Amino acid sequence: MKLKLKLKGVDLSLFCIFLILVMGISPALAQMGQGGRPAGGMGQGAGHGMGQGMMNGYGLDQYDSRFAGFGSMTFEEACINFGIPVENTLSDLGLPESMDTQLTILEIEERYGVSGQEIASYIATNTKQTPASLNPRQQVMMRQHAVQAVRGTGMGQGMYFMRHGRFAYGNYTTFSFDPDTGEVNNFAVSGDLIFDQITVSGFAFKEERVAGAVAVYEGDDSQIFIHDNPMGITQIRAFADKTVVFDLAEEVEASMETEVSDDSEDAIIVKVTKNNFVGYLIVFKNSLAAASGDEPLEGLDVEVSDNRVTVTLVNNSVAMFRATPMNPALMQPGYVYSSGAAHIHQVLNREIARGRVGAEITLRAGGNNASVVNYTSVGVHIRERDRDRIVLRVNSDLPEGRVITVNVDNETINLSNPDRIRLHIDGQVIERAENIDVLFAGGNRPLCHLLQENETATMAVYIPEFSEREIIIDLEPEDGGEEAGEETGEDESSEEEDEAKPTPAFEFGLGIAVMTSAYGLRRRRQ
């Protein structure tokens with residue numbers, strides 16, 4: 001009889017231990033998806049893209065049915081279906097010219113290591129033969145999907161170029177560069193194809209530097225700078241007489257801009273539009289050139305005809321494209337710029353051409369890279385960067401003041417209440433101007449202007465004199481609250497308290513274990 005009771009006690013103890021283990025593991029299992037991946041996490045998306053992606057066209061057939069079964073197509077068949085020359089695709093993807101084009105996409109992946117996703121994304125990004133059923137918005141979405149599938153991240157994961165063969169995938173700017181001809185092909189901003197081709201005459205290629213958010217291509221007497229930022233800023237700097245041809249993509253139009261053009265002979269501005277998209281081609285003196293001097297340039301010219309813009313550059317001049325930024329999530333054709341956004345960027349384009357804007361810096365959440373574009377010899381460096389706090393170091397030897405611009409998103413600085421945003425220079429509050437034009441009127445006191453637009457903000461800061469200055473951008477404390485940046489301490493402590501609390505499953509299991517022990521003790525006493 002005693003032996004029987006002992007056995008029952010052991011059985012009950014084992015059952016309780018098993019119950020504790022099951023209840024402890026259950027919450028973890030509940031948070032895992034099929035295949036042991038975190039539910040809704042990166043692992044699940046990656047598994048879907050690499051597995052089922054082979055069958056469903058890598059997620060691109062939701063926009064264009066021709067991608068269905070893409071992995072089983074031959075390379076030649078894929079190129080023909082989407083109207084892309086086989087030779088261009090081979091060179092841009094870094095595949096051998098002698099490759100057998102009858103290999104399927106999956107066979108190429110296995111043999112050469114270029115994934116089917118890379119090939120599909122390249123074709124989606126570069127095809128110009130889109131079905132009539134695909135409206136402009138869907139075309140943009142398809143290209144955005146293709147770019148981010150290659151980059152492996154979301155649209156907010158930082159500004160940098162990822163190279164695949166000759167093609168460069170930025171978070172905002174995508175293009176390919178042919179070193180043999182010095183041509184930039186298939187230039188797009190946020191998935192919107194703007195230029196089929198950019199050609200610089202006599203570009204004798206020497207070297208390329210692609211690092212972070214900037215790609216630089218050096219020629220004997222000219223340079224090409226392409227930036228990965230929401231403006232897709234691209235500069236061609238000439239140190240001899242050059243002709244630069246911009247071939248416009250389908251539905252893109254160009255016209256001479258008279259509304260914001262300066263009377264100066266040193267600047268010509270062309271407006272570039274596509275549906276609701278607006279950008280500007282600006283031709284002006286290169287203020288960064290050592291021998292630019294104060295004399296006006298002679299010989300600058302722009303001709304707009306049919307689907308082409310032809311720019312004539314001379315020594316120490318620049319042709320620059322700069323888009324008025326759109327939020328990719330709200331991309332066209334339904335997007336409409338506010339009047340304030342249109343005006344501020346018109347003014348900035350005009351003043352860049354005049355040499356009154358020193359530099360432009362763009363910061364986005366999700367990455368450490370920032371995009372810095374220098375228009376004059378003004379240096380801008382990030383000294384400190386935290387959530388809701390940015391510290392910049394600005395330095396120059398220029399005798400006159402300049403304006404710098406700072407572009408941020410809502411994840412970098414909380415933009416829910418723009419009135420809380422404050423700017424300091426060398427510890428002093430910067431007075432805020434109601435109109436950006438005031439910043440370019442000169443004066444001896446710092447001024448700033450801010451415009452919020454769809455979870456992004458453009459800040460312009462006028463610095464009247466230089467040496468080395470410090471600019472701090474942060475948030476004014478809410479009424480009764482603590483300084484910005486200190487609030488996170490409370491959140492972290494509360495999270496730690498939450499983590500320290502025992503789970504209900506553990507408490508329940510612990511209770512059963514205690515009851516079991518008591519039961520065993522009671523039996524032993526009996």
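This is a predicted model: local features need pLDDT of at least 70, side-chain atom pairs count only at pLDDT 80 or more; totals for chains, interfaces and linings use all residues.
Residues are numbered from 1 along each chain as its sequence is written, and side-chain values use heavy atoms, without hydrogens and water. Local features need pLDDT of at least 70, side-chain atom pairs count only at pLDDT 80 or more, and totals for chains, interfaces and linings use all residues.

**View A. The hairpin of β14 and β15.** Strands β14 (residues 301–305) and β15 (residues 308–313) run antiparallel and are joined by five bridges. Strands are DSSP runs of E with at least two residues, helices are runs of H or I with at least four, and both are numbered from the N terminus. Two strands pair if DSSP finds at least two bridges between them. Val302 stands opposite Val311 in β15. Two residues lie between the strands, and Asp306 in the turn has a positive phi of about 50 degrees.

View B. Phe177 has a relative accessible area of 3% and is buried (under 20%, with a 1.4 Å probe and protein chains only; exposed is over 50%, partly exposed in between). Leaving aside residues up to four places away in sequence, Phe177 touches Arg166, Gly182, Glu183, Val184, Phe203, Phe205, Tyr217 and Ile224; contact means heavy atoms within 4.5 Å.

**View C. An open sheet of six strands.** The order is β18-β17-β21-β26-β25-β24, with mixed pairing. At the edges, β18 (370–374) and β24 (431–432) each pair on one side only. β24 pairs with β25 (residues 447–453) in the parallel sense over two bridges, and Arg432 has Cys448 in β25 as its bridge partner.
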